[in-house]
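Subject: Structure for you to look at

Hello,

Please find the structure below. My notes on it come after.

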Amino acid sequence: MIIQKTENSRISTFDPNNFSFGSTFIDHMIICEYEDGKWGDVKLVPYGPIPFTPAMMGVNYGQACFEGMKAYKDKDGQVFLFRPEKNFERINKSAKRLAMPEVTEEMFLDGLKALVDIDRDWIPQGEGMSLYIRPLIFATEEALKARVANKYMFAIVATPAKSYYAEPVSVKISDHYSRAANGGVGSAKAAGNYAASFYPTQLAIEEGYEQIIWTDDATHEYFEESGTMNVFVRINDTIYTPPTSEKILDGVTRDSFIQLAKRRGIEVKIEPVAVKTVIEALKDGSLKEVWGVGTAVVTTEFQALGYEGVKLELPRLSAEESYAAILKKDLVDLQNNLSEDPFGWRVSVDHALETV
Ligand SMILES: *Cc1c(COP(=O)(O)O)cnc(C)c1O
């Protein structure tokens with residue numbers, strides 16, 4: 001790895017108690033360029049803009065995919081990644097679906113660890129605090145030719161993240177728009193999937209909701225995901241979540257919630273979740289909670305479902321009763337090294353720089 005340390009660290013301007021998530025960037029970034037059929041050297045360089053032309057293929061034809069993951073610092077200053085091999089596998093799955101070159105495990109994991117290690121001072125400490133990390137691959141070739149590009153960049157950038165309590169939100173069950181279709185790119189973390197979801201989400205916001213529950217594109221009778229999160233439904237004391245597929249992204253948080261729930265002896269059913277079943281359960285009182293999960297905010301609990309033009313209020317459970325809250329705490333404690341890690345999910349980054 002080629003390491004070029006910044007001579008103008010901005011760390012003295014960083015206030016861990018007052019910063020803007022998503023627009024504060026750590027001192028360094030990882031970049032690596034692909035050309036002539038192979039990846040070049042991985043470089044750890046000062047964070048900053050890269051020159052690009054509007055004729056760059058990535059912005060014209062949309063060959064771009066990304067990952068979202070976090071690093072955590074415990075009370076002794078030890079730093080951990082959470083299940084980074086899952087993100088490595090997934091970025092390559094996305095790259096393959098978008099006809100982009102896959103990255104090597106060494107590029108991805110060593111790049112991540114070196115970046116997090118060198119900028120460990122940027123990781124805010126404390127409950128729920130973390131560093132949000134964004135690996136991405138995009139086409140950089142300068143050409144207006146609608147074909148697979150032959151130049152790409154792999155990059156990793158990162159922004160400090162704070163814990164925030166997310167208020168329960170109202171979600172509209174989609175009866176028209178879709179996020180994904182059979183044979184499409186729904187299971188890839190394709191940048192374009194986000195672009196396509198913004199307009200329907202704006203419409204839902206105008207109708208008084210915060211998010212959309214995406215349903216299947218053919219019938220709109222089955223839950224798929226909520227916003228950019230996987231969705232869980234609890235009926236009585238059983239948790240339901242739809243199986244991952246070509247249309248449902250295989251979330252790391254989803255998988256972790258399933259395993260944590262099973263460890264607690266909670267029954268988890270991975271099966272199609274029919275809108276009708278959920279609405280009937282709401283009406284007969286057996287629906288206890290519905291929530292979304294993802295790396296960024298861990299869980300978002302829902303307070304109301306929009307169905308056939310009506311906003312149906314969900315029950316409010318206390319933190320002691322809510323599986324969403326209990327499992328969130330299990331996960332966050334494990335991520336922050338406040339509990340045992342029987343699954344081997346924490347990966348230390350300490351001294352990573354010395355070995356790359
Ligand atoms: C990233 C993402 C998720 C959540 O995945 P995590 O690995 O848990 O962060 C869920 N759905 C979609 C559509 C996503 O893009």
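Predicted model: local features only at pLDDT ≥ 70, side-chain atom pairs only at ≥ 80, totals over all residues.

Residues are numbered from 1 along each chain as its sequence is written, and side-chain values use heavy atoms, with hydrogens and water left out.

Domains

The chain is divided into domain 1 (2-162) and domain 2 (169-335); these bounds come from an automatic or database domain assignment. Taken over C-alpha atoms, the centres of domain 1 and domain 2 are 28 Å apart. To the contact (heavy atoms within 4.5 Å), domain 1 gives 19 residues and domain 2 gives 22 residues.

The size of an interface is often given as the accessible area lost when the parts come together. Here domain 1 and domain 2 bury about 1800 Å² between them, with 60% of it on carbon and sulfur atoms. Buried area is the accessible area (1.4 Å probe) that two parts lose on being put together, summed over both. In domain 1, the residues that lose the most area to domain 2 are F66, F82 and R90, together 33% of what that side buries.

Between domain 1 and domain 2 there is one salt bridge, meaning a side-chain nitrogen of Lys or Arg within 4 Å of a carboxyl oxygen of Asp or Glu. The side chains of R83 and D255 meet in a salt bridge, at 2.9 Å from N to O.

On the side of domain 1 that touches domain 2, β5 (64-66), β6 (69-73) and α2 (84-97) each supply at least two residues, and α2 gives the most, with six residues. Helices (H or I, at least four residues) and strands (E, at least two) are DSSP runs, numbered from the N terminus.

Ligand

Which residues come nearest to the ligand? Of the 14 residues around the ligand, they are K189, Y194, E225, T253 and T295; a residue counts as near if one of its heavy atoms lies within 4 Å. A polar side-chain atom of K189 is 2.7 Å from an oxygen atom of the ligand. For T295, an N or O atom in the side chain is 2.6 Å from an oxygen atom of the ligand.

Salt bridges

The structure holds 15 salt bridges. In one of them, the side chains of E289 and R234 meet at 2.8 Å, N to O. This pair links distant parts of the chain, with E289 in strand β16 (residues 287-294) and R234 in strand β13 (residues 229-235), 55 residues apart.

Regards

Technical notes: Polar contact = N/O pair within 3.5 Å; in protein donor to acceptor, adjacent residues only side chain to side chain.
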